Amino acid sequence: MLLVNPAVSAAARCFESNEVHVCYNNDESVFYNTPENEVAYSVQTIRDEDNYYTIYHSEPMTKYRTGDAVKAGVHRGKYAFIMPPHEFRLWGTDKDPGSLIASNGVGGAANPIAISGLRNDPYFYVFFLGVNDDEQLRDHASGHWRHYLLEARTTDFVSFDLKTDSGWTPFSPDVRPAPLRDSSGAVIRSNSARRLGHTQGLIGSISFVNGLYHFFYFDYGPEGESINLYLRTSVDVSKDGWSPQKIVIPAIGLRMVRLAKAKNLDRWVAMYGCYVRKRQDICAQYTQNLNVMGPGGVSDLRLTSEFALGLSDNGSSRSYAQPYWLTDRWGNLDAPNAGQSVEFYWTDMTPSNCLAHPHPFCPVYGGAVYRGSWSVRSDAPAPRE
């Protein structure tokens, strides 16, 4: 049963993006009615035949305490349009400040991205973020805090292994994960060190296309000024070896951008936050082809508000935070069951009357996760089998 938001009454909006006709289905409903003392965002659902795995960013096991953790749940059978039963899966201890997932009021395990290993590899790999200062002292006064890319693996989204300096180790909050390194040997972390609470970087999406894993994310440039869309690639996510980063789109502003291959089309889809008449919305664009750099590809996109889905068309001012979507096991767009609509999620962080956490935490805690969908029609030829 869909619990449709009664405030959504505007007609569905349609537009064209590189000859792909996009229509918002105007079917918003609550995916997860988040408890007031919890955080829920960056919600990704992975369809694997009749299994649906949902994984998202939450908060530590200790109630009413700020920090980060990863929750995951499994639904088997027909897609249910609601959050499956879920538990904490990855979090950190407060007894080891040098750990990249330590949580002593801040930090932990954040912003997961899940994707399958290569064919015949039984594991899904989960890339998530730790945060610490450059000195690894968890000094709250330090101005050198960064995000660090970490990795876990799972076959069932219930039991996880962490990648450590000694190899894959069954998860425990006391186990130290190893920071990942790229093919040049450099630690993969935020480009620009920042004061605590102002860190950015390495939040995005991963898609496996044409034999290559593509990790798109946003981050400050090394000089710490403009925010850019970056890409790293890998031939096998079970091993270290993401390529050094390269800029795909410069100066995108402070916005989250997710990319994936479109369902049944040889195109990329970009989803990002945007503003229409000073109101927040969510935008979606399709590329002309599967180029990343070059004509008709991702680098040609201009992240403007003309591609807004129209969530704000009813005139209300709301916050559509951390949007993500339903993917197949390869990180590319899929549809629930036999449908053809793109299923996506966002967290409503519109200020409300929170009791457990006063401002400024109030919009973060207790923000419900909503789902919606858009449908597509393309005049372009279907991809070759």
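Q: Which strands each supply at least two residues of the lining of the second largest pocket?

A: A lining can be described by the elements that contribute to it. In this predicted model, strand S4 (41-48) and strand S13 (203-209) each supply at least two residues to the lining of the second largest pocket.

Q: What is the volume of the second largest pocket, and which residues are the closest to its centre?

A: The volume is about 330 Å³. There are 15 lining residues, and Arg119, Asp328, Arg329, Trp330 and Asn332 are the closest to the centre of this pocket.

Q: How many residues of each class does the lining of the second largest pocket have?

A: One sorts the lining residues into classes and counts each class. For the second largest pocket the lining has nine charged, four nonpolar and two polar residues.

Q: What is the volume of the largest pocket, and which residues are the closest to its centre?

A: The largest pocket has a volume of about 1,400 Å³. It is lined by 43 residues, of which Tyr41, Thr199, Gln200, Gln322 and Met349 are the closest to its centre. Elements that give two or more residues to this lining include strand S5 (51-58), strand S8 (110-116) and strand S20 (320-328).

Q: How do strands of a sheet pair, and in what order do the four strands of the open sheet with S13 stand?

A: Strands of a sheet pair through backbone hydrogen bonds, in either a parallel or an antiparallel manner. Here four strands form an open sheet in the order S13-S14-S15-S16, with antiparallel pairing. The edge strands, S13 and strand S16 (246-249), each pair on one side only. On average, neighbouring strands of this sheet are turned by 35 degrees against each other, direction ignored.

Q: Over how many bridges do S15 and S16 pair, and which residue in S16 stands opposite Leu231?

A: Strand S15 (residues 227-234) pairs with S16 in the antiparallel sense over three bridges. Opposite Leu231 stands Lys246 in S16.

Q: Where does Thr169 lie, and which residues does Thr169 touch?

A: Thr169 lies in strand S12 (residues 167-170). Leaving aside residues up to four places away in sequence, Thr169 touches Asp161, Leu162, Thr164 and Val175. The C-alpha atoms of Thr169 and Ala152 are separated by 9.1 Å, and these residues are 17 residues apart along the chain.

Methods: Residues numbered from 1 in each chain as written. Predicted model: local features only at pLDDT ≥ 70, side-chain atom pairs only at ≥ 80, totals over all residues. Heavy atoms only, no water. 1 Å grid on protein atoms, 1.4 Å probe; cavity = no way out; pocket = protein on both sides within 12 Å on 5 of 7 lines; lining within 4 Å. Points joined across faces, edges and corners; volume = space filled by probe spheres on them. Nonpolar A, V, L, I, M, F, W, Y, C, P; charged D, E, K, R; others polar. Pairing = 2+ DSSP bridges. Axes fitted to C-alpha atoms, helices over the stretch in contact; angles between N-to-C directions. Contact = heavy atoms within 4.5 Å.
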